[in-house]
Amino acid sequence: MAGIVKLLVSDTIMSFMWVWSSVLIKIFVHKVLGFTHHDTTGEFVRYSLSILNMFFFAYLSKITNGGAYNPLTVLSSAISGNFTKFLFTVGSRIPLQVFGSILGVRLILYTFPGIGRGPQLTVSLHQGALTEGLLTFTIVSISHGLSAKIPGSFLTKTWISSVSKLALHILGSDLTGGCMNPASVMGWAYARGDHITKEHLLVYWLAPVEATLLAAWTFSYLKRQSKQEKVKIN
């Protein structure tokens, strides 16, 4: 029971910290260091800090025995587990990740009132859903592949995963924000008051969740087929 409570608390705190981390990086790069939004050096510094930030959160996940700030991460692992784990994830972990993100964004806007409005959809509904779906499918597939191919190497896995996430984020940033994280988007959408709109639910929840399920099932199928082929060869 203590382990479950610790995991739920970790999810909440890490989700809170994640939304703050991205804002603090932008403030440091643009306000403290003085780089403009179109400065190449500034962008390089910001992306470098983002990768370091992802390493930090990967380390937090390791020391908390699975704490996470992204619903898609825990959903992906819950699919391959038993039904009890799936219910626990959907009924407890994901709602607390959303709660942590909402709390974090509210505090951000209270502390820095003019900081911004978070990720927003700049293309059509179907284009946005397709974009978030493809980005999510790609990163979930990469994560499963890394877990299967190099299960013990924390640094290598985190490096590949972090660079992949950053690249995908850049690809989708001008279209949907390139979030691949429904909880953090929910935090900003709740603050704006558009968290129950069709656009938000379809683009930032339904499409990524469906892509996560598809990626997990596809990887499971391919892995099963590979094992069957090895058995036939032997």
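Leaving aside its neighbours within four places in sequence, with which residues is Ile 102 in contact? Ile 102 is in contact with Met 186, Gly 187 and Tyr 190, where contact means heavy atoms within 4.5 Å. The model described here is predicted, so that local features need pLDDT of at least 70 and side-chain atom pairs count only at pLDDT 80 or more, whereas totals for chains, interfaces and linings use all residues. Residues are numbered from 1 along each chain as its sequence is written, and side-chain values use heavy atoms, with hydrogens and water left out.

Ile 102 has its place in helix α4; helices here are DSSP runs (H or I, at least four residues), as strands are (E, at least two), and they are numbered from the N terminus. At 14% relative accessibility Ile 102 counts as buried, a class that means under 20% relative accessible area, with exposed meaning over 50% and partly exposed in between (1.4 Å probe, protein chains only). The C-alpha atom of Ile 102 is separated by 8.9 Å from that of Val 19, a residue 83 places away along the chain.

Helix α4 (residues 83-111) packs against helix α7 (residues 182-192) at an angle of about 50°, with the two axes 8 Å apart. That angle makes α4 oblique to α7, since angles under 35 degrees count as roughly parallel, over 145 as roughly antiparallel, 65 to 115 as roughly perpendicular and the rest as oblique. The axes themselves are lines fitted to C-alpha atoms, for helices over the stretch in contact, and angles run from 0 to 180 degrees between N-to-C directions. On the α4 side the contact is made by residues including Val 98, Ile 102, Val 105 and Leu 109, and on the α7 side by residues including Met 186, Gly 187, Trp 188 and Tyr 190. By class, the contact of α4 with α7 has ten nonpolar, four polar and one charged residues; Ala, Val, Leu, Ile, Met, Phe, Trp, Tyr, Cys and Pro count as nonpolar, Asp, Glu, Lys and Arg as charged, and the others, Gly among them, as polar.

**Two further helix pairs**

Helix α5 (residues 125-149) and helix α6 (residues 154-172) pack at an angle of about 170°, with their axes 10 Å apart, which makes α5 roughly antiparallel to α6. Among the residues that form this contact are Leu 135, Ile 139 and Ile 142 of α5, together with Ile 160, Ser 164 and Leu 168 of α6. The contact of α5 with α6 has six nonpolar, six polar and two charged residues.

The axes of α3 and α4 come within 10 Å and cross at roughly 175°, and α3 and α4 are therefore roughly antiparallel to each other. In this pair Pro 71, Val 74, Leu 75, Ser 77 and Ala 78 of α3 meet residues of α4 that include Phe 86, Val 90 and Ile 94. The contact of α3 with α4 divides into seven nonpolar, three polar and two charged residues.

**Nonpolar cores**

A nonpolar core is a set of buried Ala, Val, Leu, Ile, Met, Phe, Trp, Tyr and Cys residues joined through side-chain atoms within 4.5 Å. The largest such core has nine residues, namely Met 14, Trp 18, Ile 51, Met 54, Phe 55, Phe 57, Leu 60, Tyr 69 and Leu 166. The elements that give two or more residues to this core are α1 (2-32) and α2 (40-63), and the largest share, five residues, comes from α2. Leaving aside its neighbours within four places in sequence, Leu 60 is in contact with Met 14 and Met 17. Apart from this core lies another, of eight residues, among them Ala 68, Val 74, Val 98 and Trp 205.

Asn 65 lies in the loop between α2 and α3 (71-79), and Met 180 lies in the loop between α6 and α7.
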